[in-house]
Amino acid sequence: MTVLVDDAVWSWRGRRWAHLVSDESHEELHRFAASIGKRREAFQGDHYDVDETERVLALRAGAVAVGSRELVRRLRAAGLRRPRGVPSPHR
């Protein structure tokens, strides 16, 4: 089981955001996200957006910090990366 989170560098609505993913399965990701208070409706097809506070919660809960390129590389290697423009069937 590996849940990954990248750096919170994406600015939106006055906060910085990161991506939370699993390199194992979407089911693992949903369970982990729920454990830190994320709602399933926030799932973005292959990741959850987490703000800086949620990122800290994720790290305390066992997520592994990685760079953005490593996060995408691991998603692709696991076959979990959703191509741009393709709607998510996993909502």
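Biologist: Before we look at the model, what is a salt bridge here?

Modeller: A salt bridge is a side-chain nitrogen of Lys or Arg within 4 Å of a carboxyl oxygen of Asp or Glu. This is a predicted model, in which local features need pLDDT of at least 70 and side-chain atom pairs count only at pLDDT 80 or more, while totals for chains, interfaces and linings use all residues. Residues are numbered from 1 along each chain as its sequence is written, and side-chain values use heavy atoms, with hydrogens and water left out.

Biologist: Which residue forms a salt bridge with Arg-81?

Modeller: Asp-46 does, and the closest N and O atoms are 3.3 Å apart. Arg-81 sits in the segment after H3 and Asp-46 in the loop between H1 and E4, 35 residues apart. Helices (H or I, at least four residues) and strands (E, at least two) are DSSP runs, numbered from the N terminus.

Biologist: Is Asp-46 buried or exposed?

Modeller: Asp-46 is buried, because its relative accessible area is 2%. Buried means under 20% relative accessible area, exposed over 50%, and partly exposed in between (1.4 Å probe, protein chains only). Arg-81, with 33%, is partly exposed.

Biologist: How many salt bridges does a search of the whole structure find?

Modeller: The search finds eight. One of them joins Arg-15 and Asp-51, with 2.7 Å between the closest N and O atoms. That pair links distant parts of the chain, since Arg-15 is in strand E3 and Asp-51 in strand E4, 36 residues apart. Arg-15 counts as partly exposed at 41% relative accessibility, whereas Asp-51 counts as buried at 9%.

Biologist: And where does Arg-74 lie?

Modeller: Arg-74 meets Asp-23 in a salt bridge (2.9 Å, N to O). Arg-74 lies in helix H3 (residues 68-77) and Asp-23 in the loop between E3 and H1, so the pair ties together parts that are 51 residues apart in sequence.

Biologist: Changing topic: how many residues has the largest nonpolar core?

Modeller: That core has 14 residues, and those with the most contacts inside it include Val-5, Phe-32 and Tyr-48. A nonpolar core is a set of buried Ala, Val, Leu, Ile, Met, Phe, Trp, Tyr and Cys residues joined through side-chain atoms within 4.5 Å.

Biologist: Which elements give two or more residues to this core?

Modeller: They are strand E1 (3-5), strand E3 (15-22), helix H1 (26-35) and strand E4 (48-51). The largest share, three residues, comes from H1. A second, separate core of six residues includes Leu-4, Val-21, Val-66 and Leu-75.
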